Amino acid sequence: MVDTKLVEETAAKIRTMEVRGALKIAVEASKAMLHVIEEGASFEEMVQAADKLKDARPTAVSLPNAVNYILHLAEESSTLEPSVAKATLIANTSNFIEELSSSIDKIAEIGANLIEDGDVLLTICNSKTVTSIMVKAKKDGKNFKVYACETRPRMQGHITVKELTDAGVDVTLIVDSAAYYTMTHKGVKKVFVGADTVYANGDVINKIGTSQVALAAKNAGIEFIVCTESIKLSPGSMIGETVEIEERDPTEVTDLKGVKVFNPAFDITTKEYISKIITEHGVIPPETVYNLLKEKFAWSIGD
Ligand code: RI2
């Protein structure tokens with residue numbers, strides 16, 4: 001029996017959102033998989049570990065995509081001589097984690113080119129992908145302002161404000177319901193948001209409130225830009241599968257007793273509201289997500 005303590009701990013941290021953000025949960029789950037592989041897990045035990053990790057949160061496909069890719073690597077290496085199979089799998093999994101972790105730096109480089117001196121930007125929630133782009137643009141010497149929606153109920157906007165302040169970016173916190181007023185009265189030029197899952201048709205699932213911001217941006221004639229690593233593309237959507245929209249505990253919303261609460265954690269922004277998508281492979285229109293999916297997930301979907 002392999003030691004699955006790290007798997008249990010990682011799954012618990014993802015569930016409670018101690019570890020959060022769609023890329024980060026994929027990276028941490030992959031590290032837990034690498035650990036059980038190093039421990040000498042059988043394929044069966046790897047599948048069990050993968051299932052535990054995938055069950056932690058339902059909406060971001062980055063999590064199952066990463067864990068399933070490692071199982072695919074395990075299947076591939078199982079055809080090798082037993083003496084080299086484990087070392088090969090460890091090396092391939094480590095390379096994958098390295099690539100996954102560095103995909104955000106490539107997006108930061110590309111995304112920073114889209115920020116111009118004097119820009120006024122708006123974002124929602126805390127996407128490390130988005131803040132990395134903004135931090136890179138600042139390092140490149142650009143001066144711009146950011147409005148950050150606080151993002152009820154978990155207030156991830158506060159994390160965004162801290163990250164940007166620490167990097168010297170001029171950032172202002174707003175309540176979520178001030179998004180449209182801020183767009184129209186503070187000269188917002190572009191909205192940058194992250195993604196948890198991107199469907200083959202270009203629709204994007206992100207933190208609750210994102211689609212309202214997209215509607216407001218469209219009405220105000222403001223560019224709406226999604227920033228996503230390709231690990232967040234959904235291969236299942238190519239065959240019509242949808243992801244479950246996570247509903248979280250009512251206590252996140254209120255401590256009032258006897259009140260009915262609906263607390264969805266994500267929503268879907270349809271592609272007609274999305275101006276462009278920034279990936280580590282370049283800037284693409286939402287209509288071309290299908291092509292990138294086919295290329296990146298050939299291992300999962302076949303020909
Ligand atoms: P990065 C987050 O979900 C937000 O919805 C954010 O936009 C998205 O993941 C992507 O984050 P949550 O974990 O991967 O806060 O860009 O529920 O960091």
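Domain bounds here come from an automatic or database domain assignment. In this predicted model, that assignment divides the chain into domain 1 (5–104) and domain 2 (107–301). The centres of domain 1 and domain 2, taken over C-alpha atoms, are separated by 25 Å, and the contact takes 21 residues from domain 1 and 30 residues from domain 2.

| Item, domain 1 with domain 2 | Value |
|---|---|
| Buried area | about 2000 Å² |
| Share of buried area on carbon and sulfur atoms | 59% |
| Salt bridges | one salt bridge |
| Polar contacts | 14 residue pairs |

Of the area that domain 1 buries against domain 2, Arg 20, Thr 59 and Ile 104 supply 30%, more than any other three residues. The elements giving two or more residues to the side of domain 1 that touches domain 2 are helix H2 (22–38), helix H4 (62–77) and H5, and H4 gives the most, with six residues. A salt bridge joins the side chains of Arg 57 and Glu 246, at 2.8 Å from N to O.

The model also contains an open sheet of seven strands with mixed pairing, in the order E3-E2-E1-E4-E7-E9-E10. Its edge strands, each pairing on one side only, are E3 (170–174) and E10 (282–284), and the twist averages 25° from one strand to the next. Strand E9 (residues 276–279) runs antiparallel to E10 and is joined to it by three bridges; Ile 277 has Ile 284 in E10 as its bridge partner. Helix H5 (residues 82–112) lies across E9 and E10, running at about 135° to E9.

Methods. Residues are numbered from 1 along each chain as its sequence is written. This is a predicted model: local features need pLDDT of at least 70, side-chain atom pairs count only at pLDDT 80 or more; totals for chains, interfaces and linings use all residues. Side-chain values use heavy atoms; hydrogens and water are left out. Two strands pair if DSSP finds at least two bridges between them. Helices (H or I, at least four residues) and strands (E, at least two) are DSSP runs, numbered from the N terminus. Axes are lines fitted to C-alpha atoms, for helices over the stretch in contact, and angles run from 0 to 180 degrees between N-to-C directions. Contact means heavy atoms within 4.5 Å. Buried area is the accessible area (1.4 Å probe) that two parts lose on being put together, summed over both. A salt bridge is a side-chain nitrogen of Lys or Arg within 4 Å of a carboxyl oxygen of Asp or Glu. A polar contact is a pair of N or O atoms within 3.5 Å; within protein, one must be able to donate a hydrogen and the other to accept it, and residues adjacent in sequence count only if both atoms are side-chain atoms.
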